[in-house]
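Here are my notes on the model, point by point.

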Amino acid sequence: MPAAKVLAALALAAAAGSAWTEGEVLRYGQALSAHKSIYSLPVALAEREGLFRREGIDLRIVIPIPGGTDRMIDALHDDTVDVTHVATPFLVRAALDGSDAVAIAAEFNDPIYSLVARPEIHRIADLKGRVVGMADPGGSIAFSMRKLLALHGILESDVRMKTIDGTPARLRCLRGGGCDAVPLGQPHDLQAQAEGYRLLGISNEAVPEYLYTVSATRRSWAAANSELVVRYVRALAASFAMMREPARRSAVVAAIVDITAVPPGIAERVLDLYAQPGRKALPLRGEIDPKGLAQVIAFMAEAGQIRSPLPDAERFIDRSYLARAGVR
Amino acid sequence: MIRFRAMRIAVRLALLAIALLPAPALAGANKDRGQDEVGPGPDEGPSYFGVVLDTAGKPVDDARVTATSRDGLAMTTRSNAAGAYSLPGFNKRINAEEVKIACAKPGYRQVRVVRRPAQSGRPLRAVETECRLQKS
């Protein structure tokens with residue numbers, strides 16, 4: 001073979017190799033809040049550990065501004081992203097309004113929100129007449145906290161509710177003395193306890209089953225790109241599996257530190273909390289629990305966001321890509 | 001001509017106002033509902049703002065403006081009626097000099113992106129760019 005042909009063949013092979021290394025582009029949407037929170041862990045870990053690259057995917061995280069999980073389905077429809085992270089109430093609402101968006105994998109199941117109070121408050125019952133900094137009244141956090149308070153005999157009318165969006169802002173309210181108790185997610189709940197604030201209860205006491213955030217895409221886009229979707233959910237499944245591997249613990253802790261900017265000790269405790277028996281915060285491999293989504297729909301109905309007859313959870317889920325990726 | 005110049009001055013003043021907004025105000029503009037919100041913190045680098053114009057210098061509204069870091073993380077927004085846009089900062093670890101700004105709109109092609117030089121001796125709080133689109 002002439003030298004020129006050999007060189008051309010080598011150049012072609014190198015180009016093909018480089019294309020594989022770079023992979024097929026998949027635009028993944030993430031709200032700015034999610035990007036900086038523990039809820040980005042499954043995708044962030046997969047990206048850091050090369051799990052998408054292993055599947056031939058060049059994952060590009062795209063943050064739409066103005067953001068918010070309530071806008072992520074719009075980002076699918078205006079071609080800003082191909083797949084998006086979204087909180088389930090927003091997916092359900094969009095689908096009921098005619099969107100063909102559907103959940104293809106779970107990202108976070110039952111989130112752990114801790115009701116944390118000033119040190120002198122010992123029990124939930126002591127919150128009567130006190131100021132509770134609460135999240136968006138129509139959201140998952142407020143749903144679960146109202147249930148937790150009720151479980152301990154406190155009605156919404158017994159306390160002075162103050163709407164404060166975001167765990168960091170609620171922690172600031174607690175520290176500043178403007179709130180007597182607030183719900184906090186990880187890792188801020190652990191930070192607050194380390195500072196002497198008292199844990200009164202956690203959301204899971206009242207809401208043991210939930211489907212908080214999912215990866216969603218449009219049915220039409222997924223049908224046209226089914227192989228890419230299967231590879232995406234396979235990478236995500238591998239990320240969840242990695243979180244449970246003791247040998248990979250340091251990589252997971254490093255990812256939590258990187259995302260949330262907490263000291264490694266707090267990140268270790270977050271991971272220990274998720275690993276406790278009975279906790280269902282993280283799916284095993286991205287599997288979607290329709291009972292968790294049915295609970296979301298029931299809460300939405302309770303809050304007057306949707307009316308009876310309630311839709312079947314299966315309507316918002318497509319498990320075929322998980323099945324093709326070997327996830328049951 | 002005078003009207004056109006006045007409009008450009010107005011756009012520049014509006015952009016200056018955006019750039020001088022304190023970080024919490026920008027956070028409010030990007031208010032995130034439905035999940036936990038994390039506003040700009042001490043780890044946040046300079047924000048990005050500017051204007052999208054056509055080749056005649058007129059503002060282009062509803063153009064998609066994307067800031068992309070070297071490692072592929074992207075933030076995207078749309079220009080308003082004055083062609084103006086603003087995006088929050090990436091993490092401080094991301095070198096603002098390496099963040100690429102691009103603009104796009106169906107029926108147009110990007111012809112130029114001009115980054116305004118930062119004032120020397122002052123900490124970089126915001127990066128201003130002008131993006132030009134030409135009808136294709």
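Predicted model: local features only at pLDDT ≥ 70, side-chain atom pairs only at ≥ 80, totals over all residues.

1. In chain A, Pro42(A), Leu45(A) and Ala46(A) of H3(A) pack against a run of residues in H12(A): Ala235(A), Leu236(A), Ala238(A), Ser239(A), Phe240(A), Met242(A) and Met243(A).

2. How do the two helices cross? The axes of H3(A), residues 41-48, and H12(A) come within 9 Å, at an angle of roughly 95°. Angles of 65 to 115 degrees count as roughly perpendicular, and H3(A) and H12(A) are therefore roughly perpendicular to each other.

3. Just after the helix, Gly50(A) has a positive phi of about 75°.

4. Now the largest nonpolar core, which has 126 residues. Which members touch the most others? They are Leu91(A), Val116(A), Ala181(A), Val214(A), Tyr232(A), Val233(A) and, from chain B, Val52(B). Helix H12 of chain A, residues 226-243, is the top contributor to this core, with 10 residues. Domain 1 (23-110 + 210-324) and domain 2 (114-206) of chain A both supply residues, so the core lies between them.

5. Val233(A) deserves a click of its own. Leaving aside residues up to four places away in sequence, Val233(A) touches Ile104(A), Ala105(A), Gly286(A), Tyr321(A), Leu322(A), Ala325(A) and Val327(A).

6. On the domains themselves: the assignment for chain A gives domain 1 as 23-110 + 210-324 and domain 2 as 114-206. Their C-alpha centres are 26 Å apart. Across the boundary, 15 residues of domain 1 of chain A are in contact with nine residues of domain 2 of chain A. Helix H14 of chain A, residues 264-275, provides the largest share of the domain 1 side, five residues. That side of domain 1 of chain A divides into 11 nonpolar, two polar and two charged residues.

7. A loop residue to look at is Ala281(A), placed between H14 and helix H15 (290-302) of chain A. Beyond residues up to four places away in sequence, Ala281(A) touches Phe108(A), Asn109(A), Asp110(A), Pro111(A), Ile112(A) and Tyr274(A).

8. One joins Ile65(A) and Pro66(A), with omega about -5°, and Pro66(A) sits in the loop between strand E2 (57-64) and helix H5 (72-77) of chain A. Another joins Gln186(A) and Pro187(A), with omega about 0°; Pro187(A) belongs to the loop between strand E8 (181-184) and helix H9 (188-194) of chain A.

9. Then there are positive phi values outside glycine. Asp79(A) has phi near 65°, in the loop between H5 and strand E3 (83-87) of chain A. With 11 other C-beta atoms within 10 Å, Asp79(A) is exposed. Ala261(A) has phi near 60° and lies in the loop between helix H13 (249-260) and H14 of chain A. Ala261(A), with 15 other C-beta atoms within 10 Å, is partly exposed.

10. Finally, chain B. What is its make-up? Chain B has two helices and seven strands, and the order along the sequence is α-α-β-β-β-β-β-β-β. Of its 136 residues, 37% count as buried. Among contacts in chain B with a separation of 6 or more, 64% come from residues 24 or more positions apart.

Terms used:
Residues numbered from 1 in each chain as written. Chains lettered and ligands numbered in written order. Core = buried A, V, L, I, M, F, W, Y, C linked by C-beta atoms within 7 Å. Buried ≥ 20, exposed ≤ 12 C-beta atoms within 10 Å, placed from the backbone. Helix = DSSP H or I, 4+ residues; strand = E, 2+ residues; numbered from the N terminus. Domains from an automatic or database assignment. Contact = placed C-beta atoms within 7 Å. Axes fitted to C-alpha atoms, helices over the stretch in contact; angles between N-to-C directions. Parallel < 35°, antiparallel > 145°, perpendicular 65-115°, else oblique. Nonpolar A, V, L, I, M, F, W, Y, C, P; charged D, E, K, R; others polar.
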